[in-house]
Amino acid sequence: MKQSLDMRQGQSLVMTPQLQQAIKLLQLSNQELTEFVEAEIERNPLLNKAEETDGGNNETDSSSKNEQLSLDDSSGLGEAREQLDAPGEDVYEPGTGSDAAMPAGNSGPSAKADWSGVGGNGSGEDFDYTANLSSEVSLHEHLHTQLNLAGLSAADRLIAARLIDETDDSGYMRGDLEDIAEALGADVANIEAVLDVCQGFDPTGVMARSIPECLGLQLKERGRYDPAMEAMVENLQMVAKHDLKGLAEVCGVGKEDLLDMMSELRQLSPKPGSGFSSDASVAVTPDVFVRELPNGMFAVELNSDNLPRVLMDKAYYAEVTALPMRDKEKEFISECAASATWLIKSLDQRARTILKVASEIVRQQDAFFAHGVAHLRPLNLKQVADAIEMHESTVSRVTTNKYMSTPRGLFELKYFFSAAIPATGGGEAHSAEAVRYRIKQLIDGEDADDVLSDDQIVEILTGYGVEIARRTVAKYRESLNIPSSVQRRRINRAS
């Protein structure tokens, strides 16, 4: 063995602190972005909130009008355009925005937002925005976490998310199923099936619609929901009055068994959501709005109210740089100006990227907005990324913790993605959820004497142009909590 000194030439990808910051900003939610910008304002003396300069002395007003930082390559942003996924046209010069709504598929900004002078951190230090958030978990957060692991289809996740939003802090689902079904364009039976899945979430009894249903869910988990206990749960007013004689008659049990049942009932929780924090939950605000136009098209526009507006005080920057300073002081001021310039570009690109991704989602899923959940098309990250000429990782970051307000409700962008089922004869593929929904319709419409087997469902779907295997039909049927054809026949005979 011997030591030697060699010189080798190679290529490697190095993420600069500025590029890391741009990527981090892209995946932040509105709340996290606001906290990030607030922290930058505190640490960068050249930054002020836009609203703080809107009324006051005229010198500040006039300076804020002229503090539009140019986003050209001469300011050191050419490198950023090359390193980030979005093409160069995604960065627009100040004043080129439009207040008009943008129809789905267009690439221009639909809401004018003053991004000039937004501050940044050029030191490359990571901003721990989670340190400013409460460590307590709200009931809604807990339910959404379980929803992500429930294995539901895209359309069912949309329904489940709406049901979770209709759940109060006590754990009760207060929404009307018919109203939800009408808003989402789904059958009430489908809403009930999804609710049945959600009622299996932790804590037991959550998302019940009444106290008897809540207690019944808890008793079913314990294996104690027999006819006697069911009768007691349905007559809670007699339990409250301690009417032992009446309860004994209703439940058909003796006094000793009745007392044991009442003792067991007291161990249940009438408010399953009480163990979770209600203060930690933050109201979700949409990043984009979708509205239907008179011609049947859909317009997509940014929610500019949620975009942080800050300005760089160029007058103060010029005043400070004119003073005699030591080298460290000059370096600090230069870093503040450079970080502000970079963050302007990053925030501007974040807003435009969100808008482009949301517009493409609406263009791809326009049938859902027009006709309902059964018309969701198969969609994946690559399709959207190819359409808007960005990388899949960029689309993935944009669709996380970003919300869209539509005529059918408020949805997270990632819920619009679903698997594809091929069509017979090489036709257009079908959404997995649309196929699942059709399977449920076929089973709901079957006669008691003519129960459809999985093979028969495959034949019917093939006639509709859906190429699907029997095992896939069985998997979808089980995900909907629908028994097999043999079990359904037995149930029909018993009834």
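A: A disulfide is here a pair of cysteine sulfur atoms within 2.5 Å. The model is a predicted one, in which local features need pLDDT of at least 70 and side-chain atom pairs count only at pLDDT 80 or more, while totals for chains, interfaces and linings use all residues. Residues are numbered from 1 along each chain as its sequence is written, and side-chain values use heavy atoms, with hydrogens and water left out.

Q: How many disulfides does that rule give?
A: Applied to this model, the rule gives a count of zero disulfides.

Q: Why is Cys-214 called buried?
A: Buried means under 20% relative accessible area, exposed means over 50%, and partly exposed lies in between (1.4 Å probe, protein chains only). Cys-214 has a relative accessibility of 0%, so it counts as buried. Cys-251, with a relative accessible area of 9%, is therefore buried by this cut-off too.

Q: Where does Cys-214 sit, and what covers the buried residues of H9?
A: Cys-214 is one of the buried residues of helix H9 (residues 211-221), a helix being a DSSP run of H or I with at least four residues, numbered from the N terminus. What covers the buried residues of H9 includes helices H10 (227-233), H11 (236-240) and H13 (255-266), where contact means heavy atoms within 4.5 Å.

Q: What makes the buried residues of H20 line one face of the helix?
A: The buried residues of helix H20 (residues 454-463) are Asp-454, Ile-457, Val-458 and Leu-461. Seen down the axis of H20, these residues fall within an arc of 105°, so they line one face of the helix; the arc is taken from the directions from the helix axis to the C-beta atoms. The face turned away from the buried side of H20 carries the exposed residues Glu-459 and Gly-463.

Definitions and conventions
Helix = DSSP H or I, 4+ residues; strand = E, 2+ residues; numbered from the N terminus.
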